[in-house]
Amino acid sequence: MESKRPETRSRRSLGLLLSVLGSLILVGVGLPIYHEARFRFQDRSRSLTKNNMKQIGLALHNYHETYQTLPRGKILSESGRPEHCWQTLILPFLDQQFLFRQIDFTTPWDASANQEAFQQEVPVYLNPKSKSKTSPDGYALSHFVGNKLVLKSGTDISFKEMHDGTSNTIMAMEIGEHFKPWGDPTSLTEPVNVIGPDKKTLSEGRSFILMGDGRVRFINKNIAPAILKALSTPAGGEEVGEY
């Protein structure tokens, strides 16, 4: 049987080489396009997250202007049981009056009479960087939590009581895990519990925080503990410093 001619083998080797080179060129061209698209998505997600937090801040300020106080972090029953959340109270100031009117405040948020209302998503409470939108029992989630040192349980606080200054006091924060329904009265925590080197973030090592003056800051999760503590308290008298 006649063996294959050398020129035939050469053509095949050349074809294989060109195919490999072509693949490498496509990868070389495709990687920058992929990274550019990824960065654009991250920038857009950060912009949307920041805008959502600004809307929450504006709602809190409008609530304060209306009632001369910030909403309570939790509304408690006469027996002390947590029944409703600050995120529910500011719904009318987020263009969610229709949803607000569906809620029966004479019963807890998770009572059967309120189930349908609290299963509805509130877009402002969602972070585009997370795919988690619903709890296992069907309630719509929030990707933000309130600072329990400011939005206190069963107690009103006004901006005048923020003796450290509204620009130096955290009202709410972006979180990266353990999301709770927006109507859950326990959707409160201290900043140190969700911001730190060992805490998960959705923004590659940084987190958005909402300040008392309505500004939204983008802080490193490695922020000095003393500074984070100073930003957490409304009237602690601590020196904030640069961050």
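The largest nonpolar core has 35 residues, and those with the most contacts inside it are Ile 56, Leu 70, Trp 86, Ile 90, Tyr 125 and Trp 182. A nonpolar core here is a set of buried Ala, Val, Leu, Ile, Met, Phe, Trp, Tyr and Cys residues joined through side-chain atoms within 4.5 Å, where buried means under 20% relative accessible area, exposed over 50%, and partly exposed in between, with a 1.4 Å probe and protein chains only. At least two residues of this core are supplied by each of α1 (6-67), α2 (86-89), α4 (115-118), β5 (170-174) and β8 (206-211), and the largest share, five residues, comes from α1. Helices (H or I, at least four residues) and strands (E, at least two) are DSSP runs, numbered from the N terminus.

This is a predicted model, in which local features need pLDDT of at least 70 and side-chain atom pairs count only at pLDDT 80 or more, while totals for chains, interfaces and linings use all residues. Residues are numbered from 1 along each chain as its sequence is written, and side-chain values use heavy atoms, with hydrogens and water left out.

Leaving aside neighbours within four places in sequence, Trp 86 is in contact (heavy atoms within 4.5 Å) with residues including Ile 56, Leu 60, Val 145, Leu 151 and Leu 188. A second, separate core of 18 residues includes Ile 195, Ile 209, Met 211 and Ala 230.

Turning to the strands, five of the six residues of β8 are buried, so β8 is largely enclosed by the rest of the structure. Two strands pair if DSSP finds at least two bridges between them; β8 pairs with β5 in the antiparallel sense over three bridges, and Ile 170 has Met 211 of β8 as its bridge partner. β8 also pairs in the antiparallel sense with β9 (residues 216-220), over five bridges, and in the hairpin of these two strands, which has four residues between them, Gly 214 takes a positive phi near 95°.

A search of the whole structure finds eight aromatic pairs, where rings of Phe, Tyr and Trp (its six-membered ring) pair if their centres lie within 6.5 Å, and planes under 30 degrees apart count as stacked, over 60 as edge-to-face and the rest as tilted. Tyr 63 and Tyr 67 form a tilted pair, 4.6 Å centre to centre with 45° between the planes. Tyr 63 is buried, with a relative accessible area of 12%, whereas Tyr 67 is partly exposed at 48%.
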